[in-house]
Each structure stands twice: as structure tokens, then as C-alpha cells.
Amino acid sequence: MRKVLFATCLGAIAAFAAGAANANDELNKMSQNPKDWVMPAGDYANTRYSKLNQITAANVGKLQVAWTFSTGVLRGHEGGPLIVGNMMYVHAPFPNTVYALDLSNENKIVWKYEPKQDPNVIPVMCCDTVNRGVAYGDGKIFLHQADTTLVALDAKTGKVVWTVKNGDPAKGATGTSAPLVVKDKVLIGISGGEFGVQCHVTAYDLKTGKQVWRAFSEGPDDQIMVDPEKTTELGKPVGKDSSLKTWQGDQWKIGGGCTWGWMSYDPALNLVYYGSGNPSTWNPKQRPGDNKWSMTIFARNPDTGMARWVYQMTPHDEWDYDGVNEMILSDQQVGGADRKLLTHFDRNGLGYTLDRATGELLVADKFDPKVNWTTGVDMNKGSPTYGRPKVVDQYSTEKQGEDHNNKGICPAALGTKDEQPAAYSPDTQLFYVPTNHVCMDYEPFKVSYTAGQPYVGATLSMYPPPGESHMGNFIAWDGKTGKIVWSNKELFSVWSGALATAGGVVFYGTLEGYLKAVDAKTGKELYKFKTPSGIIGNVTTYEQGGKQYIAVLSGVGGWAGIGLAAGLTEPTEGLGAVGGYKALSDYTALGGTLTVFALPQ
Amino acid sequence: MLARGNFPRAGTFVSNAEDKILRTVWLVAVTIALVTYEGFAFAEQAVDPTAVKSEDGKYLDKEGNPTFKVASDGTIDWYTYSGYRRYHSECHVCHGPDGMGSTYAPALKDSLKTMSLGDFLGVVASGRKNVSTSQNNVMPAFGDNPNVACYMDDLYVYLRARANDAVGRERPAKHEDKPPAAQKAEDSCMGKR
């Protein structure tokens, strides 16, 4: 009897251990199946690439709308749906509705979840009430609500399994980003860089919602979870108090460095990657120092939370160039050697390629030729400023000081690229990058901090680069050499996540509302269709019943909805803008619709 | 004309008796503003914005309300310029550049065509909610935020200038020097650096 019990216990332990591993293995395996789209970027490497090849460069011109679905919400729709087997999970901005649709049964609504949230969270959200989507794992759907509640829903029924509060909206912390499930944990960041939140990434237990670790972007070593000896930047240990030393007094406590971008994961190296945002406030004079680790790429161990390496791209930010954009993991040859690469298109206008195992910097080049605040990154390993961008005095809002209007800085604060994720195709070994082509005037001034109130401290105006009338480009980028391969002009910023497919087609949306398909090799436009509203969502593909579908949320808004709904500064003779630059409101209106495309029968 | 004083730093920043008195003045001002709003604000005709006099660099219309002043060479008064700056720090992330509105907040260059000063102050200080099945528009209360509360007149005259097409979408090119009175008010409201 005793033996039987013992054996049972052993079995239970084994099953438990296997269960933890299985949730991850299951997800990893599911992400290999191109028929599904089980995580926000399609796979852990954040490639937004699909092996589906029914839709090709030759036939994409025949694409038709197969079905549509209204979310019932009229605010900015970022992110995209997940597809798990015959189920599709569609999310919406505040109030953060989630729908589960049965793709095998006329897209019927199987369940709907709508949380009750205090609407007072709305004005604390920086720029519209966006949400970048849900995550799947262990039979659950994870949603980060606007009020920072992380909720686990039963994927079959929509019933709440557990909830946990990730931050305090009364202090300006909000939830906008999509979670990432890694092993037995769900990882989530937080927003609030314009409210002086000390931002963090937190890991919660997949089964219970219990907090496992929390790593802040700035603060004492134990809070930021770095090992002074083992955590490196550009190959060197970061040393003791690496963050504290770079802030004046207690300013790190309201330091920002928010974490609302897309995370990625390398199972072989067991590292998760994400970026941190701007230091608060936007007035650089008020926060002397490098403000570490804002504007930083982090590589962390998902089990312990400890940082393996960091790299600060924009020390002592002077322009609001958040570093949150996605890290795309690829394996390519550089200089004849196989390298495990991480590629990142930063708001600051530089496209970075690093070795993702070590954090070694390989490439840092402008992915918009108009970028002018820097002459480039110091790539000399022997230099005391190795890895730092060389700032042009004329465009340094720190050098020019408070109450000085710094004119003609490119890019604008929304960056050469914002959160809209790029795609990578292993077929062409190219990155497909939605970009903004916008410059700005920036004037910093003194502000005081009040908890839960905006903490901005700069005024800015935005406009297309002098002499140009388009405000966006969709480009193909070679991450190995740091070169633009082709570039398509777009009238407005391209604020939609791209999709690359094995059919040799790349998809993206535009702010006017077009879903566009272009040739992956040449960028030639092959198809476009105008959806009900402007697109700031990400394009997704899946297969159901033997047919490949393309899906995208439309619903204009987000930060793009602030400036562009009104139009940025109108063209004047002085700016030399040619052609009619017109306000976005002349092209589209509010909406909230999923549009799904397929080839005709 | 409303009884108004300098807007104090609020909340935890209030530290001395003088500040407390000022804060009371401010709360009274808000109350009056709200009464005005409930009463006859909707029927109110827009007041002629022409500046008829100046007090320490601040221009006032015939009813004594703060207003903008644009000289023939395009030079604008300090408060309109200051309002431009504060607007583009605190307000534009919802209300769009130059008061043009966004996909989720109204264009204040239009709102100020009909909105009274009292109405304006009340909404900025206390916020506003418009939540229904089809809309989720919420404006926060800025009464406790010194970056806004200390610059109410500035914001008002800037938006009043926009509503009257006196200032365009461009950044104002030239402005009057900062009057000593403005510096003094700012120091006492924001707290000396």
C-alpha cells in the first residue's frame, strides 16, 4: 500500500513537472503550424511570417472579402486576432471586449467577455484607448485590460479563471500591450510613460496568476533584476547601481521606461527580449544623467527574471524616442558566419542588429534617410563612447535648453517607426517595415509632477520632412548590412503591423483604410482594398477548411488618430510641400471592423 | 467676471496658509463656473474678443475677461503664446494639435466659439464624462495639476484666439516678452525652482 502511494506521488510529481513543460512545448509546437496564429506576432521570434502559400504574388490580385465582423467599439484598433484551431479570438479597445468566434461554424460567437472597468482610466491612457491583443496558453486566453487587470479566461467558455492587478491607474499606469506566454508564466508590461510611472515587466504563474517576478526599468539593482557582474552591456558587466547612478536623487521613482511593446522569446537561449520607453518627463533638463535603463533593449531569463544583457540605444532621451518597438529574432549569416540575430527598428530612426546571445552590436543604421538628430552610432569598440549615438548639437533639446524651440528635428516624437510591428521573411532575408516619415519642432520646459496627471514638459509640432508631401514609407530592409532595399511612399504614416508569407506576398494596412498586398521582392503593389476605417491593426493569416485567409482590424485612432485626424501642420509655401497634403478625416472615419479576405472559390 | 486669484499648487504641494487661501479662492471660482454652466451657458452669445485694456501684459475684453492680442506685425501677447505651449504639452494628446480635435476628443477651436469662460474653467478643473453604449469619452479633472491649473488664463486665451482665427495652425512666430507679473504668478503657483 505504501509502495502504491509512493508510486502515485512520483507519478503526480512527474506529471506536474511535465505539465509545466508541456504548456510551453504545446504552444511552441502550435506556433509551427501555419494554419494557426497562436501568439500576437505569430511566433516567438516575432517574425510575423507565415508558411502559408495558397495566396501568391501571382493570384493575390484576385483577393476578395470573405467575411467581416464588427467589434462594436469605435476607438483605435491595434493588434490582431489569434487563431487556435477552429477558434478565433478578437479583442477591442476599451472596454476591452473579447469575442470567441467559431470559424468552422459560420464564425458564430461562442462567447463574449466584457469587463466592467472604471471609465476614469480612459483619460489616463496616453493616446486613445488602444489594446494590442490577447495571448493564448494552457487552454486560457490572457487579456491585459486598460485598468491593468490581467485576466485569464477559459478559452472554451470565456469564464474568468483568475485575475490580478498589474498596476495603479490612479498613478497613471494602464494596460495596452499584449501578454506573452513563456513556459509556465505569462509575461506582461505596462504603460504610463507620460505619467511618470516606474515601469516594469512582470511574470505571473500561468495556472494561478500569482506574481513570480517583477523587473523594473529603473531603480536599485534588486528592483531592476540585474547582476552587477553577470549582466552585461556591449560585453562589459554593468556594475553596481548601474541605473541609480544615472538619475538625480529619487527621480527614478517617477522615471517612466515603460514596457508596452511586443515581447519575443528564444527557447534555445532561454531569453525573452523587449524594449523600455522614454524617461519621464519629456524635458531632458529636468532629469540629468543617462536615465538607465530607459530606452533599452533587455534580454532576460524568463524563469528568474534576471537580465542577461542590456543595451541602451538613446541615453538621456531628448525627443521621446521610446525604445519599446519589437525585437525580431532571425538566424542569418553575417560576414560568412552563422549568427543568432536580433533586429530592432527604433523610434529614434536607427535599425539595430545585435547578436541576441551576447548583446554584441553589429549594425546601427538609419532606416529613413531623413533622420538628422544623430550622425550615427559610435561603432569603435575601443572608444569611450562605443555604442552611443553621436547627437547633432543643433537638434539637441538638452544642449539648446528649456524654453528654446528646436526646429526641424527628424524623426518626430512618434518615431521613424512606432509600435506597428515589422515582419521578417526567411525566404528573402528581408525585413518589411511600416514607417513614419515625419519631423518636428520640440520645445522643452519645466513641469511639476502630480501623481496620476500628465507629466510631459514639452510642446511639439509635427509635419512631413521639408520638401515632401508624404508622411509614411513601407520599406524592405536588409538587417545584415543596414540598407533599404526598396521603399514605397505612403500618404500617411504606416501604422499597421506587416505580414510576410511564403507566397512571396507582404501585407500591410494604411491609415486611409487600405489593406495592401505587395511583392516581397520588389515592393510592387499587387492588390488593395479599402476597409471601413483607417488601419492601425496588424495583418494576420490563417487556414481554415483548406483555405488561406488574411485578416485585419480597421478602426482609426491611437497616436495616429491624434495628429492625423486633424492633419499635421498644413502645407505652406515656406515648407515647400508639394501636392495636396490633406487631413486624414478627408479619407476615413471611426470604425471597428475585422475584415477577412480569401481567394474566390 | 469671476472672482479669481492665482491658482495654487494643490494636493500634497499645498504647504502654507497662503496657498490654502488661494486654493479656496480657486474652488469658489470653480463652483461659480459650474453654476454658470448649469444656468445660461448654452444660450450665451460669444463675447467680442477685442482687447480693450491691458493689465501688466494681460489683455482683457470689455467684460474684463482675459483675451488675446495680435499686433499688426503678427506679434502675439505672452499669455496666448504661453497657452500655445501649455496646450501642446497637456492637452494635445487628446484634443489634437492646434485645437483641431482627434478621433476621440472634440476640436477646441470649435468648442471655444460658444463656450463661456466659466464653462471652460469648470470643465478643465473638474473634468467631464460622456460614457454611453456608443461613446467612451472622459476628460480628467485638471484642477489639481499645477501644469494646467497655473495656466488656465493662458490656455483660455490661446484657444479663444484659435476659435476666432486670430492665431493660425503655425507655431506663433513672434511674441511679447514675458511680463514680470506672469513670472511672479508662475513662481507663486508652481513653486520657485
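**Chatting through a predicted two-chain model**

Colleague: What average pLDDT does chain B get?

Modeller: This is a predicted model, and chain B averages a pLDDT of 78. In chain B, 76% of the residues score at least 70.

Colleague: And what about residues 1-44 of chain B?

Modeller: There the pLDDT is below 50. Even so, residues 1-44 of chain B have 70 contacts in the model beyond near neighbours in sequence. Where pLDDT is low, the predicted coordinates should not be read in detail.

Colleague: Got it! What ipTM and pTM does the complex have?

Modeller: The predictor gives the complex an ipTM of 0.73 and a pTM of 0.88.

Colleague: Let's go back to chain B. How many helices and strands are in chain B?

Modeller: Chain B has seven helices and five strands. Along the sequence, chain B runs α-β-β-β-α-α-α-β-β-α-α-α.

Colleague: What share of chain B is buried?

Modeller: Of the 193 residues in chain B, 46% are buried. Also, among chain B contacts with a separation of 6 or more, 62% are between residues 24 or more positions apart.

Colleague: New topic: which residues touch the most other members of the largest nonpolar core?

Modeller: Tyr273(A), Tyr432(A), Ala498(A), Val506(A) and Phe507(A) do, in a core of 208 residues. Leaving aside neighbours within four places in sequence, Tyr273(A) is in contact with several residues, including Met263(A), Ile297(A), Phe298(A), Leu342(A) and Arg356(A). In soluble globular proteins, nonpolar side chains tend to be buried together.

Colleague: One last residue. Where is Gly555(A) found?

Modeller: Gly555(A) sits in the loop between β39 (547-554) and α4 of chain A.

Colleague: Is Gly555(A) buried or exposed, and why?

Modeller: Gly555(A) counts as buried because 33 other C-beta atoms lie within 10 Å, and the cut-off for buried is 20 or more.

Colleague: What does Gly555(A) touch?

Modeller: Not counting residues up to four places away in sequence, Gly555(A) touches Arg75(A), Gly76(A), His77(A), Ser533(A), Gly591(A), Gly592(A) and Thr593(A). Lys240(A), by contrast, is 315 residues from Gly555(A) in sequence and 47 Å from Gly555(A) in space, C-alpha to C-alpha.

Technical notes: Residues are numbered from 1 along each chain as its sequence is written. Chains are lettered from A and ligands numbered from 1 in the order in which they are written. This is a predicted model: local features need pLDDT of at least 70, side-chain atom pairs count only at pLDDT 80 or more; totals for chains, interfaces and linings use all residues. pLDDT is the predictor's confidence in each residue, from 0 to 100. Two residues are in contact if their C-beta atoms, placed from the backbone, lie within 7 Å. A nonpolar core is a set of buried Ala, Val, Leu, Ile, Met, Phe, Trp, Tyr and Cys residues joined through C-beta atoms within 7 Å. A residue is buried if 20 or more other C-beta atoms lie within 10 Å of its own, exposed if 12 or fewer, and partly exposed in between; C-beta atoms are placed from the backbone. Helices (H or I, at least four residues) and strands (E, at least two) are DSSP runs, numbered from the N terminus.
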